[in-house]
Amino acid sequence: MENEEDPTKVPLKFPFILKELSNYVADDAIIAIDVGENGWRVGRNFPMKNTQKIVMSGYLATMGFGLPAALVSQIINPGKEVICISGDGGFAMVMGDF
């Protein structure tokens, strides 16, 4: 895992980006993830804290779930930090509506 998190690799690799992101995310943050490889990557490479929550569709192939889930999470929890991790496909699915 440490080898995958090498910051000198070009282009930057997903494990390094998620490790760095985890350093900046609030301890009580809500992380909304989309369907696809990013869900697998978050599960493998994002070191979540017990006080953080994750919102996901349960791998039901619901592309475009991440952004709406993040928006609703923010409305319900206005005082908490909400992060959306979405891929290009999931983002493209909801960008027209957004």
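## Helix H1 and its buried residues

In helix H1, the residues Pro15, Phe16, Leu18 and Ser22 are buried, and the buried residues of this helix pack against H2 and S3. The model described here is a predicted one, and the contacts and accessibilities reported below should be read with that in mind.

Leucine 18 touches Arg41, Val42, Asn45, Phe46 and Ile85, once residues up to four places away in sequence are set aside. Serine 22, which also lies in helix H1, counts as buried because its relative accessible area is 8%, under the 20% cut-off for that class. With residues up to four places away in sequence again not counted, serine 22 touches Phe46, Pro47 and Lys49.

## Helix H2: a buried side and an exposed side

Helix H2 spans residues 37-45, and its buried residues are Asn38, Gly39, Arg41, Val42 and Asn45. These residues lie on the same side of H2, because they cover an arc of only 165° around the axis. Glu37 and Gly43, on the other side of H2, are exposed.

In soluble globular proteins, nonpolar side chains tend to be buried together. The largest nonpolar core in this model has 9 residues, which are Leu18, Val25, Ala29, Ile31, Ile33, Val42, Phe46, Ile83 and Ile85. The elements that give two or more residues to this core are S1 and S3. A second, separate core of 5 residues includes Ile30, Ala32, Ala70 and Val82.

## Salt bridges

The structure holds 2 salt bridges. In one of them, the side chains of aspartate 27 and lysine 49 meet at 3.6 Å, N to O. This pair links distant parts of the chain, with aspartate 27 in the loop between H1 and S1 and lysine 49 in the loop between H2 and S2, 22 residues apart.

Glutamate 37 and arginine 41 both lie in helix H2, 4 residues apart, which is about one turn of the helix. Within this pair, Arg41 belongs to the buried residues of H2, whereas Glu37 is exposed on the other side of the helix.

## The segment before H1

Glutamate 4 is found in the segment before H1 and counts as partly exposed because its relative accessibility is 27%. Leaving aside neighbours within four places in sequence, glutamate 4 is in contact with Lys13, Pro15, Phe16, Arg44 and Asn45. Glutamate 4 and alanine 29 are 25 residues apart in sequence and 25 Å apart in space, C-alpha to C-alpha.

## A nonpolar patch on the surface

Leu71, Phe91, Met95 and Phe98 form a nonpolar patch on the surface, and together they have about 410 Å² of accessible area. One of these residues, phenylalanine 98, is found in the segment after helix H4 (88-95). Phenylalanine 98 counts as exposed because its relative accessibility is 60%, which is over the 50% cut-off for that class.

Technical notes:
Residues numbered from 1 in each chain as written. Predicted model: local features only at pLDDT ≥ 70, side-chain atom pairs only at ≥ 80, totals over all residues. Heavy atoms only, no water. Patch = residues over 30% accessible without salt bridge, like charges linked within 9 Å, V, L, I, M, F, W, Y side chains within 5 Å. Areas by Shrake-Rupley, 256 points an atom, 1.4 Å probe, with all protein chains shown as cover. Salt bridge = Lys/Arg side-chain N within 4 Å of Asp/Glu carboxyl O. Buried < 20%, exposed > 50% of the residue type's maximum accessible area, 1.4 Å probe, protein only. Arc of directions from axis to C-beta. Core = buried A, V, L, I, M, F, W, Y, C linked by side-chain atoms within 4.5 Å. Contact = heavy atoms within 4.5 Å.
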